[in-house]
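Student: I would like to learn how to read this structure. Please take me through its features one at a time.

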Amino acid sequence: MFPASDIRRVCVIGAGTIGASWAALFVSRGLEVTVSDPSPSAKAATQRFIDTAWPILTQLGALPTADPTAWRFVTDPAEAAAGADFVQENAPERYEIKQLLLAQLDAVLAPHGVIASSTSGLLLSRMTELCARPERCVIGHPFNPPHLIPLVEVLGNGAAGRAAVDTAMAFYAALGKRPIEIRKEVKGHVANRLQAALWREAIHLVAEGVASVEDIDAAVSEGPGLRWALMGQHMTFHLGGGQGGLAHFLEHLLPAVEGWWADLGAPQMTPELQAQLVRGVIEEAAGRSIADLAARRDHLLTQIIALKREQAESEAQKEMAGRLDEALEESFPASDPPAVHKET
């Protein structure tokens, strides 16, 4: 395993929305960043993205010495990746593109280098079929936007890829991310499968006329979505079971939940239904542009992330203080007789 603390030179392949966001995060952490993209306008677009994201990144832990302009742009991906310790690949979601690209990157990296793909659902085993050393490749799938959302899903190429997974997990954690390890290769990984399942039912409810697009979105954002920002579904229902926890919840509510599962829909995405969804979300946007909506999202996300981080740090300090008290008690038990007696 190559120590994450030794990763200094990072290469970002593909400077679209995801790639530019990754670049902004890497630059904010003081890393040596090279960005590669075939588009002649990608360099300027990436700098605009970094400049826009910088105030938020400053709030979320950018190094005081980090310079938002301190990065390099190269059109040729092999040239960009040469000498890199870590590559974050963000090419289009097509096997034929990623297979050739990953093989090209694999050929120029030093033995310790790791290649992480941001793919949102492709299979790693297929993407690395042309690589000489597929064990150095991992899935490093972020949740958009990567410079804000902590989650990164990491998957390796079997037992041989253990070292690359460990390096990627440690590297992402050092950046302030929350990496999770995917233990079995499945289409869409974990978060996108959960997201897809919820969206399928949301579409079904629209198609059946149960509620409007706007009200169905509100049912998520003003209800369970608030809890999901704090804990996952299993822990949410563990609390829902009261003092008996998840076991009590399953005992009393599982039959009802199983009834809901049986009634969930599988909508057919006809042109008419697609048009209905588009009309509904435009009405919900109420004239706000994509940029306006994204700015509001990012502003609120920053506050939520900062609050969660503050709480986690407070809990860690309390735990450390508790351990210190335990250590002192073991070294100097309260029941020990005093070593010195004052004469009266």
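This is a predicted model: local features need pLDDT of at least 70, side-chain atom pairs count only at pLDDT 80 or more; totals for chains, interfaces and linings use all residues.

Student: How many helices and strands does the protein chain have?

Tutor: The protein chain has 13 helices and eight strands. Its C-alpha atoms fill a box of roughly 95 × 55 × 40 Å, taken along the principal axes.

Student: How do I read "buried", and what share of the residues counts as buried?

Tutor: Buried means under 20% relative accessible area, exposed means over 50%, and partly exposed is in between (1.4 Å probe, protein chains only). Of the 344 residues in the protein chain, 38% count as buried. Leu-60 is one case: it lies in the loop between α2 and β3 (71–73). Leu-60 counts as buried because its relative accessibility is 6%. The C-alpha atoms of Leu-60 and Arg-133 are separated by 36 Å, and these residues are 73 residues apart along the chain.

Student: What is a salt bridge, and how many are found in the whole structure?

Tutor: A salt bridge is a side-chain nitrogen of Lys or Arg within 4 Å of a carboxyl oxygen of Asp or Glu. A search of the whole structure finds nine. Take Arg-162 and Asp-166, whose closest N and O atoms are 2.9 Å apart. These two are separated by about one helical turn, because they are four residues apart in helix α6 (residues 162–174). Arg-162 is partly exposed, with a relative accessible area of 37%, and Asp-166 is also classed as partly exposed, at 28% relative accessibility.

Student: Are Glu-89 and Lys-98 buried or exposed?

Tutor: Both Glu-89 and Lys-98 are buried. Lys-98 is placed in that class because its relative accessibility is 0%. Glu-93, in contrast, counts as partly exposed, at 36% relative accessibility. Glu-93 lies in the loop between β4 (86–89) and α4 (95–108). Glu-93 and Leu-122 are 29 residues apart in sequence, and their C-alpha atoms are 7.3 Å apart in space.

Student: How should I read cavities and pockets?

Tutor: Both are found on a 1 Å grid over the protein atoms alone: a cavity is a set of points where a 1.4 Å probe fits but cannot get out, a pocket is an open set with protein on both sides within 12 Å along at least five of seven lines, and lining residues have an atom within 4 Å of a point. Grid points are joined across faces, edges and corners, and a volume is the space filled by probe spheres set on the points.

Student: How many cavities of 30 Å³ or more are there, and what lines the largest cavity?

Tutor: The count is one cavity of 30 Å³ or more. The largest cavity holds about 100 Å³ of space. Its lining includes Leu-25, Arg-29, Leu-57, Leu-60, His-147 and Arg-309. For classes, Ala, Val, Leu, Ile, Met, Phe, Trp, Tyr, Cys and Pro count as nonpolar, Asp, Glu, Lys and Arg as charged, and the others, Gly among them, as polar. By class, the lining of the largest cavity has seven nonpolar, two polar and three charged residues.

Student: What lines the second largest pocket?

Tutor: The second largest pocket holds about 320 Å³ of space. It is lined by 14 residues, and the closest to its centre are Phe-49, Thr-52, Ala-294, Arg-297 and Asp-298. Helices α2 (42–59) and α13 (290–331) each supply at least two lining residues, and α13 gives the largest share, six residues. The lining of this pocket divides into eight nonpolar, four polar and two charged residues.

How values were computed:
Residues are numbered from 1 along each chain as its sequence is written. Side-chain values use heavy atoms; hydrogens and water are left out.
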